[in-house]
Amino acid sequence: MSHLAPTGKWDARYLGPVPHDSSYYAKCMLGGVLACGITHAGITPLDVAKCNMQVNPAKYKGLSSGLATLLREEGQTGIWKGFGPTFVGYSLQGMFKYGLYEVFKDQYMNLAGEELSNKYKPAIWLAGSASAEVFADIALCPLEMTKVKIQTSPSGTFPTSFGAALAEMSKTKVETRYPFGSLVPLWSRQIPYTMAKFFFFEKIVQVFYTHVFTEPKESYAKTTQLGVTFASGYLAGVVCAIVSHPADSVVSLMGKPANKGKSIGTIASETGFAALATKGLGTRVLMIGTLTGFQWWIYDSFKASMGLGTTGGK
């Protein structure tokens, strides 16, 4: 039987269309690089507007007016600030987020055994995604801090080119707390976000294949499977954006010069929970919904092209 290891014992690594060996995990890591690096870098203008709406809401009141202000004051380069660290940072994050999710999911299923794995699937998804994100954020943190500093510093006060910005962050690390000063707020934003992203994705895929496409998943065309992937990813992304927005606001506010040296608690209490939860939320829902839909679609398209099958099922 396909779910049995060569030893004859049940093994989660043999449940899919191909065995989950080191080659499988490496391909999943590469799929994660493509999924996260391309999508995050591609929406840099939305990210620049969102960060500035969080840091300076009096000046940047909405998405379109915020982009218009940036274009008027800084030109085309203004809305693409931080493209370099965004692309590199999120490529690294995606590599660990998706690749290690596959690793941890298999490990935890094997620890739990066949019966408990089937009974407590959601707990496996949550534990696997949280574990993967811990490592993904360590890789992302120095680049995320650099990106936020580039995007929220007034024009002319901080270098915008990738190399110069990294050098400046390193030089001023006492005040910027570079490279890992934002790791705790990043974890508090990204771990709940990733747990929601993977849990709701897997759950929505399961609903699709249980109630809508009721034949075995493999019997449907790849285009149908990837359509399910995109729809599930988009819906999961909307939930994620709402769950993680307050922490995302804190990460952006930490880059504001006026908040230099202030603790996370102080920044949060001064801003107020309502503002943290709502400022820039509409933009982020649009951004993260689309982003998550495309990330899962790119990831699964890559997996399918490699003969690894799409993610999730009944």
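**Aromatic pairs, cores and cysteines in a predicted model**

Phe 230 and Tyr 234 sit four residues apart in helix α11, so about one helical turn separates them. The structure examined here is a predicted model, and this pair is a friendly place to start reading it. The rings of Phe 230 and Tyr 234 form a tilted aromatic pair, with 6.3 Å from centre to centre and 40 degrees between the planes. Phe 230 has a relative accessibility of 27% and therefore counts as partly exposed. Tyr 234, at 30% relative accessibility, is likewise classed as partly exposed.

Helix α11 spans residues 222–254 and also holds Ser 244. With a relative accessibility of 1%, Ser 244 counts as buried, because the cut-off for that label is under 20%. Leaving aside residues up to four places away in sequence, Ser 244 touches Arg 189, Tyr 193 and Arg 284.

Attention now turns to the interior. In soluble globular proteins, nonpolar side chains tend to be buried together. Here, the largest nonpolar core has 36 residues, and the members that touch the most others are Tyr 98, Trp 296 and Tyr 299. Two or more residues of this core come from each of α1 (22–42), α5 (83–112), α7 (121–152), α8 (162–171), α10 (183–212), α11 and α14 (281–305). The most is given by α10, which supplies nine residues. Apart from this core lies another, made of nine residues, including Ile 43, Ala 196, Cys 240 and Leu 291.

Which residues does Tyr 299 touch, not counting those up to four places away in sequence? The contacts of Tyr 299 are Cys 28, Gly 31, Gly 32, Ala 35, Tyr 98, Glu 102 and Thr 311. Tyr 299 also belongs to an aromatic cluster, which it forms with Tyr 98, Tyr 101, Phe 198, Phe 201 and Trp 296.

Across the structure there are 19 aromatic pairs. In one of them, Tyr 98 and Phe 198 are tilted, at 5.5 Å centre to centre and with 50 degrees between the planes. This pair links distant parts of the chain, since Tyr 98 lies in helix α5 and Phe 198 in helix α10, 100 residues apart. Tyr 98 counts as buried because its relative accessibility is 0%. Phe 198 is buried too, with a relative accessible area of 0%.

Cys 36 is in no disulfide, and the nearest cysteine sulfur, in Cys 240, is 12 Å away. Cys 36 has a relative accessible area of 0% and so is buried. For Cys 141, the closest cysteine sulfur is that of Cys 51, and the 14 Å between them is too far for a bond. Cys 141 is also buried, with a relative accessible area of 0%.

A last stop is the segment after α14, where Gly 313 is found. Is Gly 313 buried or exposed? Gly 313 has a relative accessible area of 17%, which means that it is buried. Not counting residues up to four places away in sequence, Gly 313 touches Val 205, Gln 206, Tyr 209 and Lys 217. Leu 276 is 37 residues from Gly 313 along the chain, and 36 Å separates the C-alpha atoms of the two.

Note on methods: Residues are numbered from 1 along each chain as its sequence is written. This is a predicted model: local features need pLDDT of at least 70, side-chain atom pairs count only at pLDDT 80 or more; totals for chains, interfaces and linings use all residues. Side-chain values use heavy atoms; hydrogens and water are left out. Buried means under 20% relative accessible area, exposed over 50%, partly exposed in between (1.4 Å probe, protein chains only). Contact means heavy atoms within 4.5 Å. A nonpolar core is a set of buried Ala, Val, Leu, Ile, Met, Phe, Trp, Tyr and Cys residues joined through side-chain atoms within 4.5 Å. Rings of Phe, Tyr and Trp (its six-membered ring) pair if their centres lie within 6.5 Å; planes under 30 degrees apart count as stacked, over 60 as edge-to-face and the rest as tilted. A disulfide is a pair of cysteine sulfur atoms within 2.5 Å.
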